[in-house]
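Me: I'm new to this one and would like to know what the labels rest on. Can you show it to me before I start asking?

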Amino acid sequence: GLGVAVLGSGMAVPGKVVTNQDLEKMVDTSDQWIVERTGIRTRFVAEEGVLTSDISEEASRMALERAGISPEDLDLILVGTNSPDTLFPSVAAKLQGRLGAVKAGAADVQSGCTGSLYALAMGASFVASGVFKYILVVGAEVLSRLVDWNDRNTCVLFGDGAGAVVLGPARDEGLSGRVLGFSLKADGAKHDLITLMGGLVEHPASHETVDQGLHWVKMKGNDVFKFVNREIPPFLDGFLGEMGFAPGDVSSWVFHQANWRIMEGVLRRLGVPEERAVVNLDKYGNTSCASIMMALHEAIVSGRIRKGDKVVISSFGAGMTYGAMLMEF
Ligand code: ACO
């Protein structure tokens with residue numbers, strides 16, 4: 001291993017549950033279509049005024065408490081997000097101030113839904129190198145403010161939420177996930193598959209960009225679906241092979257919770273029984289950067305992950321970017 005482990009985890013979701021039946025009243029869709037195509041039944045949507053930094057703080061306090069680390073011990077805060085409160089300052093900087101993490105640096109990591117996995121890998125590398133000791137890594141989104149609630153292609157998929165972990169030197173006591181290795185990839189030629197174009201340098205905010213809806217998430221869903229089904233299984237097989245393991249050695253797979261059909265298809269291609277997938281997208285939808293963090297937290301606290309288990313965390317998202325991390329608990 002790299003001598004670094006997940007010492008504690010936490011999560012938070014904002015208060016309001018939106019069901020598929022609620023969505024039937026807003027766009028031309030059906031509970032049956034959403035469940036059959038994605039596996040999603042409900043998602044949480046932040047109330048007006050609730051920010052990504054708010055739910056990040058709640059998840060972070062839980063992770064710090066479970067790790068037994070105080071904010072003053074933190075050397076760095078990394079937040080993976082595609083829906084920061086503002087482009088700048090970063091969510092991480094606001095979080096640093098609110099937690100009173102006096103000695104910590106802070107930065108957001110933007111890499112589509114893979115941002116939180118990139119942040120985990122960066123944090124793990126800082127601890128492994130000995131440069132930093134304790135790092136807070138958060139994945140958090142209030143994407144509900146960035147989707148077009150009249151676009152059935154996207155609004156049924158996403159949900160709001162936050163997950164957090166504290167990384168630090170591996171411990172013998174308790175249940176901590178030791179990082180054995182990771183791989184980060186990108187295929188930037190496919191940058192047009194998932195976009196939010198408006199209000200920045202290429203399309204500065206104007207009445208036209210608003211009329212065209214460029215401030216909303218746009219996604220070529222079926223192209224994303226095909227990309228992931230083609231690229232991810234051989235990638236995961238190769239990644240595990242380089243680490244000296246086979247897919248069958250992995251007890252739990254913590255996939256990005258985008259679509260149950262994607263998880264099921266990837267595991268089938270790897271020859272792994274589908275029960276090995278950690279699934280919570282039925283409750284939370286696709287929470288983008290929060291999804292692997294929330295799924296990992298729930299798998300730990302529910303007792304699903306046990307000491308000695310090997311766990312793969314894998315995500316994909318806008319960019320296109322993707323990656324994986326192998327842990328041993
Ligand atoms: N309700 C009813 N019908 C719908 C809905 C809806 N909510 N959304 C789309 N449809 C229709 C389409 O218009 C289309 O109709 P048509 O055949 O008359 O044109 C039909 O359903 C099929 O559409 P497809 O897009 O081909 O359906 P598909 O089986 O691919 O499922 C889905 C769509 C669920 C989006 C799937 O492609 C998917 O999950 N893709 C991956 C998306 C993903 O993972 N994105 C996350 C990336 S993470 C990030 O960085 C944000």
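Me: What makes T29, R37, C113, N222 and N259 stand out around the ligand?
Reply: They come nearest of the 25 residues around it; a residue counts if one of its heavy atoms lies within 4 Å. Bear in mind that this is a predicted model, where local features need pLDDT of at least 70, side-chain atom pairs count only at pLDDT 80 or more, and totals for chains, interfaces and linings use all residues. Residues are numbered from 1 along each chain as its sequence is written, and side-chain values use heavy atoms, leaving out hydrogens and water.

Me: What about N259 and the ligand?
Reply: There, a polar side-chain atom lies 2.7 Å from a ligand oxygen atom. The protein buries 76% of the 1000 Å² that the ligand exposes taken alone (Shrake-Rupley method, 1.4 Å probe).

Me: Which helix gives the most to the shell around the ligand?
Reply: Helix 8, with 4 residues; helices here are DSSP runs of H or I, at least four residues, numbered from the N terminus.

Me: How do you know that helix 5 has about its expected span?
Reply: Expected means 1.5 Å times one less than the number of residues. Helix 5 has 15 residues and reaches 21 Å from its first C-alpha to its last, close to the 21 Å expected.

Notes:
Helices (H or I, at least four residues) and strands (E, at least two) are DSSP runs, numbered from the N terminus. A polar contact is a pair of N or O atoms within 3.5 Å; within protein, one must be able to donate a hydrogen and the other to accept it, and residues adjacent in sequence count only if both atoms are side-chain atoms.
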